[in-house]
Amino acid sequence: MERLIIEQLYKHKDIHDWTLTRVCENETQLYLIGEALESLRRIDSTKHILRIFNRHDGLVGDSAITILESDSGSLNDKLNEGVFMASIVANPPYKLPLPGVYPHVYIKDEGLGGDKQTPLVDNIRPFPYVEWGRSILFRIREEVHSAITRCGVRLSSLEAYITEAAIGLKTSSGIDLKREESVISVDMVLLSKDGKEESEKHFECTRRRLKDINLRAIIDENAKFAFDSLKATLPETGEFPVVVSRDALVPFFSPFIFHASGNARYKKLSRFEKGESVFGKDSSNRLTLKGSTVYPFGNNSSPFDEEGLPGSEVTVIEDGRFLRNWATKRFADWLGIEPTGPFGNIIIEPGDTPINALLKGSGTVYHIVEFSWMNPDPVTGKFTGEIRLGYKINGNRISPVKGGSVTGNVFEAMGESTFSKEEIFLGNFVGPEAIRFERLSIAGS
Amino acid sequence: MNSSVKELLANIVSEMVKAQAGYPSASFSSKKGVRISKDDREERISHVPPEEGIVLRIVSMDKSRAGSLPYFEEVATSQLDKEILLKMASSLSKGLRRNVGGRPIEPDTSNSKKGEDFVTECKTPPSKVSLKEKVDYVRTLHAKLKASDRRIVNVNVNYSDTEEAYIFADKDTELKQNIILTSISFAIFVHEDGRTEYNWFNRTGTGGFELTNISDSEIEKTKDSSLQLLNAERLKPGSYDVITSPTVSGVIAHEAFGHGVEADMFLKDRARGKDYIGKPVASEIVNMCDDPSIPGAAGSYFFDHEGKLSEPTIIIKNGILDSGLTDLFSSISLGIRRSANGRRESFKRKVYVRMSNTFFERGKTPPEEMIREMEHGIYLEKCESGMEDPKGWGIQVTAHIGREIRNGKFTGRVYSPVGITGYVPDLLKSISQIGNDFELEGGGCGKGHKEYVRVSTGGPHLRMKARLG
């Protein structure tokens with residue numbers, strides 16, 4: 001199919017540039033309700049994503065079309081449709097990247113084994129040969145069973161996926177690249193009980209490597225949270241120091257990433273100025289934020305992006321001041337800056353305060369381990385999120401809380417925050433394990 | 001194409017029946033369409049990311065733990081080659097015949113339909129509107145919005161139309177549906193004195209290009225709200241008298257007793273509602289439904305992804321929790337009514353119990369009267385997000401705009417964002433007035449943090465007491 005598409009692309013007089021991405025995936029999925037199987041699935045899929053560029057009147061139009069298995073008989077019609085779409089779009093010109101030097105990026109779990117005996121068909125191993133995926137998922141099932149039995153909790157549900165993908169990229173600028181990657185994902189709900197009261201703890205973990213998912217440790221920790229949740233009460237209403245840790249803190253960086261993007265700058269939506277504080281005022285916070293597509297086994301790592309730019313690491317904020325934009329080739333050309341490719345994984349320099357010290361204070365400190373949903377507005381930085389589980393800490397007294405909401409603005413809040421010295425890797429985030437915000441508004445009892 | 005696929009699915013099912021597989025079924029899904037976006041500095045046009053694939057499913061028995069229980073075994077593929085699919089069906093059936101002892105999960109298909117084809121009614125099918133006309137429409141709307149105020153720094157307009165085809169076959173059923181979904185939305189970004197704010201408009205529904213008719217007053221209202229947000233304050237946390245607009249009411253319905261009555265959550269012991277069927281959970285004036293058969297609504301379909309024809313489900317009747325939403329697995333496992341709520345995100349994902357169009361039913365009070373009667377409170381509009389907690393009966397809904405009401409009038413003070421949190425029965429029992437209006441808004445819904453399907457939520461204006469922050 002790919003050869004056929006490329007032949008047609010070269011023949012078409014109105015296709016001036018193109019990129020062709022081929023995505024082949026094999027996935028095995030296991031679903032449990034309680035400890036019983038609800039569903040076992042095997043999936044294979046192949047698709048080609050084609051971007052067509054058409055130059056007209058000094059401008060460039062581009063379109064994105066997807067070619068499926070069933071389109072092989074109508075390929076020419078598809079291409080004509082793509083050309084027509086591109087011909088009516090008018091954007092400033094930009095150039096596709098030329099072949100570069102590509103880093104080796106670790107994104108595949110070689111330990112998974114796979115089925116090396118079976119020949120690949122168009123770079124994938126079709127359905128009957130993915131039994132190895134199934135056996136790994138059944139091993140996960142057994143490991144979960146022994147861990148929860150030990151912790152005294154009950155399994156509500158388990159969903160585990162194992163995916164192997166082969167991605168190829170060819171472009172009219174001479175790029176011809178391939179990568180193989182793996183993704184393992186575990187989604188679980190634990191139930192705790194005390195008399196008639198029952199509570200749950202949901203968690204999800206996605207990593208490139210199986211060894212980066214420490215099921216035993218994750219279940220131990222979440223079982224404790226499930227039991228603590230049984231005793232949780234509403235927090236107080238008022239303004240308090242709030243410590244946010246682990247997965248709960250990752251969304252707080254999304255507005256910084258948005259405002260540091262070439263996209264936001266080009267569209268005049270960025271609030272950042274080069275060399276200026278990103279908090280809107282002077283701050284003691286020394287936030288250093290990097291985007292990386294080369295971090296080993298990062299969920300967002302890749303040796304090349306969708307247009308063929310090499311993977312890289314770029315510092316966008318240094319010591320609390322805006323340093324430079326990250327930008328794909330399109331926005332970089334339009335802004336006249338160096339392209340970096342997509343942001344990738346979030347890398348944050350940790351602080352030098354131990355978590356224990358962050359949790360201390362003269363009055364009440366709240367420690368949030370899970371929000372029901374936290375999605376700060378990327379433009380304004382405003383946020384509000386319900387506390388799914390947290391702790392009220394007052395000297396030596398620690399009591400679990402849930403319900404109520406935490407409200408603020410990430411730019412203001414981060415300016416008055418302290419990062420822990422302990423670091424953590426969360427798949428797409430490497431940085432401090434906890435952050436203390438000095439003053440956030442809590443709506444509770 | 002679709003008629004040959006239909007025949008292919010029937011052949012595959014027939015082969016699996018011959019192989020004595022437990023309740024075999026097959027389905028085909030495809031999604032195709034176009035989307036166009038334009039802001040001040042960029043235009044984009046692309047296909048809606050298409051999906052096309054086939055799922056073969058049979059029932060097997062899990063003998064490894066917790067006794068011998070039925071489960072679904074599925075293979076899904078983007079390959080549409082008949083030989084490959086028949087080979088897959090044969091392999092799937094062979095592998096499982098060893099384990100299956102009877103047919104533990106099998107719906108009653110005696111009233112099933114063969115050969116039924118359904119299609120969304122459109123006044124102007126998107127396929128009859130040229131791509132050029134669609135692009136011109138987006139450009140004209142963008143220009144009109146952009147010219148409406150000097151403080152506007154960017155306007156983002158998004159148009160899409162999608163055709164979802166779905167074919168389902170089991171031994172007694174052959175159904176096909178083509179659903180046309182059209183969506184138009186725009187966001188207006190305004191800037192003044194170093195502050196940037198925005199507001200948006202969205203209309204998504206099953207229907208054609210006629211959905212893109214946006215009135216001048218809808219444009220004015222969206223723009224005015226964007227500008228008012230430049231002076232928005234942070235609301236002092238506390239308990240307030242609240243009036244929710246239909247979009248906020250809808251998200252409360254969706255999060256409170258939409259997710260909370262998805263019966264797979266009953267099976268997983270994740271929903272407290274399981275123990276409250278037949279018991280009061282809301283004010284006695286409250287009625288709530290899920291209905292996939294509403295013409296034009298964004299969450300509508302003719303049959304679900306397991307071949308169950310659409311019909312409404314009453315969730316709350318006069319404040320009493322009446323019934324849950326089910327798919328095939330949960331209805332048979334729990335021995336309760338099967339509703340048409342078995343849906344999958346795409347052929348790559350399994351079927352879950354999912355909502356469709358979920359809403360509070362209309363009441364008797366004109367919204368103007370509700371506002372007039374309020375001494376001090378907050379009017380909430382535009383929903384940013386919501387999150388469910390069926391086990392703890394917590395709720396989180398974030399409104400983009402809160403407007404202060406004093407002595408029956410808007411004071412002009414605006415708050416943003418405003419979060420509602422609380423204990424679901426407390427919130428629903430506090431509902432004291434229900435508007436005589438009704439509106440549904442289309443959007444997407446995840447199960448937890450994944451598995452996105454199109455839905456709509458809505459209802460009338462509601463008056464209640466709520467904790468805001």
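These notebook entries record what I looked up in a predicted model.

**Conventions.** I treated the model as predicted, so local features need pLDDT of at least 70 and side-chain atom pairs count only at pLDDT 80 or more, whereas totals for chains, interfaces and linings use all residues. Residues are numbered from 1 along each chain as its sequence is written, while chains are lettered from A and ligands numbered from 1 in the order in which they are written.

**Entry 1: domains of chain B.** I noted domain 1 (2-107), domain 2 (119-230) and domain 3 (238-468) in chain B; such bounds come from an automatic or database domain assignment. I then found 23 Å between the C-alpha centres of domain 2 and domain 3 of chain B. Their contact takes 18 residues from domain 2 and 19 residues from domain 3 of chain B, where two residues are in contact if their C-beta atoms, placed from the backbone, lie within 7 Å.

I asked which element of domain 2 of chain B gives the most to the side that touches domain 3 of chain B. Strand 8 of chain B does, with five residues. Helices (H or I, at least four residues) and strands (E, at least two) are DSSP runs, numbered from the N terminus.

Entry 2: Two strands pair if DSSP finds at least two bridges between them. S183(B) has T204(B) in strand 8 of chain B as its bridge partner. The two strands form a hairpin with two residues between them, and D193(B) in the turn has a positive phi of about 50 degrees.

**Entry 3: helix 2 of chain A.** I looked up helix 2 (residues 75-87) of chain A, which has 13 residues and reaches 18 Å from its first C-alpha to its last, close to the 18 Å expected at 1.5 Å a residue. The expected span is 1.5 Å times one less than the number of residues.

Which residues of helix 2 of chain A are buried? They are K78(A), L79(A), G82(A), V83(A), M85(A) and A86(A). The face turned away from the buried side carries the exposed residues N76(A) and D77(A). A residue is buried if 20 or more other C-beta atoms lie within 10 Å of its own, exposed if 12 or fewer, and partly exposed in between, with C-beta atoms placed from the backbone.
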